[in-house]
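Here's a quick walk through one protein model. Have the sequence and the 3D view open as you read.

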Amino acid sequence: MFFPFDFFFTLRLRTQATALVLAACASGAWAIPTFDEVRADFKPSDTLILSREGEVLQRLRTDATVRRGQWVPLADVSPALRQALVLSEDKRFFEHSGVDWRAASAAAWGNLWNQRTRGASTITMQLAGLLDGDWRQGPGGRTVVQKVGQTVAAQVLDRRWRKDQILEAYLNLVPFRSELVGIDALSRTLFGKAAHGLDDREAAVAAALVRAPNARPVLVAQRACGVLRDMQHRPSTPASPAAPAVRVDCDALDLFTTAALQRRAFDASEGVAPHFARYLLRQRDKDSAVPERVATTLRAPLQRFAMQSLQQHLRELRGRHVEDGAVLVLDNATGAVLAWVGSSGQLSQASEVDGVLAVRQPGSTLKPFLYAQAIAERRLTAASLVEDSPAQITTAGGLYIPQNYDRQFKGWVSVRTALAASLNVPAVRTLVMVTPDAFHRQLGAMGLPLRESGDYFGYSLALGSPEVPLLHLTNAYRTLANGGRASPVAVTLANGGRQGSVAPADAKPRFTPAIDPRAAFIVGDILSDGNARARTFGTDSVLATRFWTAVKTGTSKDMRDNWAVGWSERYTVGVWVGNASGAAMHEVSGTSGAAPIWAAVMGFLHAREPSRAPKAPGGLVRVAVRFGPGQPPSAGVLQPLEAARDEWFVPGTQQSLFAIDSIASEPYSTSASGQKVFKNAASTPTAPPAGASARITAPASGTVIALDPDIPPMRQRLQFTATGNAVQWRLDGKTLGRGPRVAWMPWPGRHVVQITDAQGKVLDEVRLEVRGAGVVAAPPRAGAH
């Protein structure tokens with residue numbers, strides 16, 4: 001037979017082109033990565049937050065484009081799933097060398113005769129397509145070049161990888177349904193369990209989804225039924241005898257498959273530290289890749305106990321309109337966060353709000369920093385006497401009238417008692433000495449920067465009117481625990497990788513001096529004194545631990561926030577209880593709200609670990625002090641203001657006797673700039689000398705009184721004082737009382753206050769105005785129109 005020259009030339013060109021295509025395919029196939037490279041490049045859609053023990057505390061989704069779980073080793077995949085996948089996709093997987101030529105021949109023969117046959121694509125060939133996008137099937141199927149390249153790549157894979165590695169990579173990379181990629185995401189989403197727990201029925205459904213990921217549930221169930229039949233009729237081997245035939249209930253499997261495909265149990269976040277996980281990932285460098293695992297400073301048992309204690313106590317407070325809380329535990333030496341509970345979880349209607357970072361009013365928990373500053377500046381000592389009595393402090397907006405928590409006044413008390421018993425009026429008077437601006441700067445040095453200036457808050461700064469987060473407040477208390485030295489908190493371990501600007505916990509912390517260590521020690525000694533605390537909290541308070549601790553509670557206005565923050569030898573614990581909405585709680589105090597949780601966490605920390613009192617820093621002086629007599633009781637016997645004791649002093653401020661020589665007729669003088677220490681015996685106010693005219697000493701004429709809407713009107717009594725004993729008081733022309741001091745429950749309006757003698761002659765007169773919303777005015781006097 002004769003062939004023209006053009007025929008041979010064309011055939012030669014085609015042969016050369018085919019060779020070039022095969023060469024190109026082969027070169028691409030030989031570029032297949034190793035198993036270790038594929039494993040290293042695997043990026044789950046979630047980040048695992050690990051405790052310092054290596055336990056998974058939280059799984060947080062960080063890639064919203066795909067739902068991919070963690071890489072699952074083949075040994076952690078159930079045998080049922082491995083069997084179902086091989087029976088469904090590649091029955092001769094362990095026999096062929098990457099390409100099942102027998103199946104390929106059958107498929108080619110079927111195509112020739114237009115017969116429907118099973119595809120010849122093996123698990124190895126499918127994996128090659130998953131590893132290299134060039135071999136993936138497009139909407140119109142694979143081209144000849146893709147098929148050739150995939151075939152070559154599969155043989156290269158089978159030669160370079162072990163069979164178990166091929167099966168493991170395939171199970172972790174194969175798309176199952178919708179956004180679900182990999183067996184971990186599939187098993188946790190559709191079946192709510194790990195891959196090692198899948199049974200025969202679940203494994204059949206999973207294998208069926210490989211062939212038809214987005215098919216309707218009824219079609220998936222039909223294919224799963226066939227897979228399940230194959231599994232239960234598998235041939236016997238010497239190592240594994242044939243299983244007895246079991247009838248497959250395809251109708252039940254249909255219902256099961258439909259229900260499973262509707263599940264979305266793989267939540268975006270799962271674990272016991274969701275708020276901490278989100279905070280941690282926000283600290284990383286913006287340009288850095290999202291880590292797969294992060295080794296943190298959290299202690300897994302402590303984290304779970306703190307969460308359980310918070311939830312249990314809030315359940316006990318059910319009915320008092322409180323549903324939220326937060327717990328933070330810090331290591332004193334390193335600043336490591338050991339527990340971070342940002343919410344009460346299911347008990348809260350705002351569980352996404354992180355109570356550790358939310359800014360709230362700290363109440364009396366700022367008082368230790370105030371007294372520490374006053375002691376450091378030598379304005380006060382722990383034994384200095386301050387007056388706890390009704391105070392009227394003139395401000396630009398009117399009179400500021402602080403009240404104590406129990407609406408009672410203790411008279412003259414020492415600074416130790418005033419702080420430990422959390423008395424409000426002495427704290428405000430101390431702030432007058434220190435000044436709001438100076439205290440504002442001190443708070444900033446302690447790690448509590450405030451948004452507004454000290455003048456913005458005024459004297460209410462002493463009672464915790466600004467807003468601070470539990471994280472900063474607890475770390476500020478840790479500053480006191482470290483002798484006045486401040487350092488940032490740490491959230492990761494060095495071997496777990498540095499996260500942004502947050503230093504690892506096992507790195508040496510950088511301390512900066514924030515306050516005099518001697519003042520910090522004295523404040524800690526006061527907050528650990530159960531006897532000094534007894535004036536307000538009693539001797540059997542929940543704050544009294546069997547080991548050494550220093551603690552302070554706080555409550556904000558209208559009981560919206562409740563706090564307990566304190567430290568032991570090794571740990572600082574902060575607790576907040578309230579409502580994320582800002583709503584007020586009902587009859588929840590410092591000892592009934594946050595303190596029980598604080599005590600429980602401290603007890604857990606020191607169940608097998610002692611806590612000893614700190615050693616006094618150098619330079620402190622310890623002196624035996626006694627206190628002068630107070631007001632004579634009905635029996636006429638003078639009693640000392642407080643019991644004698646040993647007290648700590650900054651050198652140069654020590655003395656052995658603290659007493660008062662007189663009780664000022666005015667309730668408070670705003671000109672005080674130093675400690676009030678007097679050495680004479682106490683005496684009662686005396687009448688003015690003969691011929692002197694009586695006068696009103698408080699309030700001053702023109703005073704504007706602003707009523708607090710959060711304090712019941714019956715509790716807001718204004719004290720009127722005057723010189724002289726035989727005076728009578730009149731308010732707006734109506735008799736109010738007699739004597740040098742009377743109390744009046746104010747109501748809105750402008751009023752005239754007068755004192756008269758026995759004959760009704762007006763001796764002095766002042767005018768004042770009362771402002772306040774929500775206070776009902778007194779009824780009009782008889783005859784008024």
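Cys-250 is partly exposed, with 24% relative accessible area. Keep in mind that this is a predicted model. Which cysteine does Cys-250 form a disulfide with? The partner is Cys-225, and the two sulfur atoms sit 1.7 Å apart. Cys-225 counts as buried, because its relative accessibility is 2% and the cut-off for buried is under 20%. Here are the two cysteines side by side:

| Cysteine | Relative accessible area | Class |
|---|---|---|
| Cys-225 | 2% | buried |
| Cys-250 | 24% | partly exposed |

The count comes to one disulfide. This pair ties together distant parts of the chain: Cys-225 belongs to helix H10 (residues 217-232) and Cys-250 to helix H11 (residues 250-261), 25 residues apart.

Now for the nonpolar side chains. The largest nonpolar core has 79 residues, and those touching the most other members include Phe-276, Trp-340, Phe-369 and Phe-439. Helix H20 (residues 517-527) gives the most to this core, with seven residues.

Three strands make an open sheet with mixed pairing, in the order E3-E5-E4. Strands E3 (67-68) and E4 (175-177) are at the edges with a single partner strand each, so one side of each has no neighbour in the sheet. E3 and E5 (residues 180-181) run parallel, joined by two bridges, and Arg-67 stands opposite Leu-180 in E5.

Definitions and conventions. Residues are numbered from 1 along each chain as its sequence is written. This is a predicted model: local features need pLDDT of at least 70, side-chain atom pairs count only at pLDDT 80 or more; totals for chains, interfaces and linings use all residues. Side-chain values use heavy atoms; hydrogens and water are left out. Two strands pair if DSSP finds at least two bridges between them. Helices (H or I, at least four residues) and strands (E, at least two) are DSSP runs, numbered from the N terminus. A disulfide is a pair of cysteine sulfur atoms within 2.5 Å. Buried means under 20% relative accessible area, exposed over 50%, partly exposed in between (1.4 Å probe, protein chains only). A nonpolar core is a set of buried Ala, Val, Leu, Ile, Met, Phe, Trp, Tyr and Cys residues joined through side-chain atoms within 4.5 Å.
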